[in-house]
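Subject: Structure for you to look at

Hello,

Here is the structure I promised. Please open it and keep it on screen while you read my notes.

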Amino acid sequence: PDVTTYTTKLGEREVLSLADGSQIELNTETSLRTAVTAGRRIVWLDKGEAYFRVKHDAARPFVVVAGKRRLTDIGTAFTVRQDAGNFRVAVLEGSVRLDGSSTSSGSPSPTILKSGDTAVAAAGRFSISRETPEKLTDELGWRRGVLIFNQTPLSQAAIEINRYNSKKLVIADPVAARMKIGGTFPKNNVDAITAAARELFGLHVEDRGTEIVVTR
């Protein structure tokens, strides 16, 4: 009875301020449920991506459940993303405990993730890597309405910007798909990145209404 559901549509962002002083920011097309009471603090991320800044309370742990995986904060700021069966968590401050079923590669459970750690589970594989504070901050550009690319293949940039827009960017040429782009672009403006691709690489850009197709 005390579970509240929040959702965002394509391109939307929403900031939640919880009664315990914690804050959650929902990215595009995210569905999330909360149960934050005097006795428990649980959040279920059903799909999408969210940024958490948790007010630590050792007597009342803050738990995030994403699919089969469970995160417990240890005084922290972190992001969680879950889509198409893939899971990713990045810790910006403090640490979290990650619990979840073992994968075919034998992911440890539980695992303590510290500031700078990124854990990814995709296609039956699990990995943990270290990222610079600058890279993790860039990945949160969506909180400011932008996407930040740094030597990012156009194919990957298209995947990211398509998360926020109904008009889709299609890189139809395999050579163009491997070209790397850098810069800061409005997340809700496909035209900005296609204009950069045309000016930087001399690519052909065709607007077909529901999609923009890029070729050489």
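First, some terms. Ala, Val, Leu, Ile, Met, Phe, Trp, Tyr, Cys and Pro count as nonpolar, Asp, Glu, Lys and Arg count as charged, and the others, Gly among them, count as polar. Please also note that this is a predicted model.

Now the largest pocket. Its lining has nine nonpolar, seven polar and 11 charged residues. The space in this pocket is about 670 Å³. In total, 27 residues line the largest pocket. Nearest its centre lie Arg81, Arg88, Lys135, Glu139 and Glu160. Which elements give two or more residues to this lining? They are strand 8 (77-83), strand 9 (86-93), strand 12, helix 1 (133-139), strand 14 (146-153) and helix 2 (154-162). Strand 14 gives the most, with seven residues.

Next, look at strand 12. Strand 12 covers residues 117-122, and strand 13 covers residues 125-130. The two run antiparallel and are joined by six bridges. Val120 stands opposite Ser127 in strand 13. Together, strand 12 and strand 13 form a hairpin, with two residues between them. In the turn, Ala123 has a positive phi of about 55 degrees.

Thr118 is also in strand 12. Is Thr118 buried or exposed? A residue counts as buried under 20% relative accessible area. Thr118 has 2% relative accessibility, so it counts as buried. What does Thr118 touch, leaving aside its neighbours within four places in sequence? Its contacts are Arg88, Val89, Ala90, Ser127, Ile128, Ser129, Glu131 and Leu136. One of these, Arg88, is also among the residues that lie nearest the centre of the largest pocket.

Strand 17 and strand 18 (residues 211-215) run antiparallel, with four bridges joining them. Here Val205 stands opposite Val214 in strand 18.

Best wishes

Methods:
Residues are numbered from 1 along each chain as its sequence is written. This is a predicted model: local features need pLDDT of at least 70, side-chain atom pairs count only at pLDDT 80 or more; totals for chains, interfaces and linings use all residues. Side-chain values use heavy atoms; hydrogens and water are left out. Two strands pair if DSSP finds at least two bridges between them. On a 1 Å grid over the protein atoms alone, a cavity is a set of points where a 1.4 Å probe fits but cannot get out, and a pocket is an open set with protein on both sides within 12 Å along at least five of seven lines; lining residues have an atom within 4 Å of a point. Grid points are joined across faces, edges and corners, and a volume is the space filled by probe spheres set on the points. Buried means under 20% relative accessible area, exposed over 50%, partly exposed in between (1.4 Å probe, protein chains only). Contact means heavy atoms within 4.5 Å.
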